[in-house]
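These are my notebook entries on one protein, written while I went through its sequence and its model. I kept them in the order in which I looked things up.

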Amino acid sequence: SLACVIFEMITSNFLFKPKKSEKYSKDDDHLALFQEHLGKMPKAYALSGKYSRDYFNKNGQLLKIKDLRETSIAEALLEERPELGETEALRIQSFLLPMLEYDLDKRISAREALKHEWLWND
């Protein structure tokens, strides 16, 4: 997604870089990373996919990864680029989050993202 590319351009690192382990697949980790940075996936959305039952229980919770390390996008930015400062990291986060919305009906388009004040501040 555009938001991930922008995060990578700013930090030279991936926002979501899943890894597999002996206990879970790369897909399991990818879903966990989403929830760590974007919050819990809405139950209806988590259970709506063809393979949802492979990854989520009936309550919409991940089956294989329980301990999530909640980290906001601003915190992830500051881990990689502390010189940005908290204010700038929060501004970038406010730009990226609407493009990463779980619900496609709520997710903004690239055209809408172009209107964000972060892109137009001096």
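I began with glutamine 93, which I count as buried because its relative accessible area is 14%, where buried means under 20% relative accessible area, exposed over 50% and partly exposed in between, with a 1.4 Å probe and protein chains only. This is a predicted model, in which local features need pLDDT of at least 70 and side-chain atom pairs count only at pLDDT 80 or more, while totals for chains, interfaces and linings use all residues. Residues are numbered from 1 along each chain as its sequence is written, and side-chain values use heavy atoms, with hydrogens and water left out.

Glutamine 93 sits in helix α6, residues 85-96; helices here are DSSP runs of H or I with at least four residues, strands are runs of E with at least two, and both are numbered from the N terminus. Setting aside neighbours within four places in sequence, I found glutamine 93 in contact with Ser72, Ile73, Ala74, Leu77 and Pro98, taking contact as heavy atoms within 4.5 Å.

I then looked at α6 as a whole. Its 12 residues reach 17 Å from the first C-alpha to the last, close to the 16 Å expected at 1.5 Å a residue, the expected span being 1.5 Å times one less than the number of residues. Besides Gln93, the buried residues of α6 include Ala89, Arg91, Ile92, Phe95 and Leu96, and the buried residues pack against α1 (2-11), α5, α7 (110-113) and α8 (117-120).

Next I turned to α2, residues 26-38, whose 13 residues should span 18 Å at 1.5 Å a residue, and whose end C-alpha atoms are 18 Å apart, which agrees. At the start of α2, a side-chain oxygen of serine 25 comes to within 3.3 Å of the backbone nitrogen of aspartate 27. The buried residues of α2 are Asp28, Asp29, Leu31, Ala32, Leu33, Gln35, Glu36 and His37, and their cover includes α4 (52-55) and α5 (73-80).

Which residues does threonine 71 touch, not counting those up to four places away in sequence? I found Glu36, His37, Ala76 and Glu79. Threonine 71 lies in the loop between α4 and α5, and I record it as buried because its relative accessible area is 6%.

Glycine 60 is also in the loop between α4 and α5, and it counts as buried because its relative accessibility is 0%. With residues up to four places away in sequence left out, glycine 60 touches Lys40, Lys43, Ala46 and Leu47. From glycine 60 to isoleucine 73 I noted 13 residues in sequence and 23 Å in space, C-alpha to C-alpha.

Last, I took down values for the whole protein. There are eight helices and zero strands, and the C-alpha trace spans about 50 × 30 × 20 Å along its principal axes. Of the 122 residues, 35% count as buried. Among contacts between residues at least 6 apart in sequence, 48% join residues at least 24 apart.

Methods: Polar contact = N/O pair within 3.5 Å; in protein donor to acceptor, adjacent residues only side chain to side chain.
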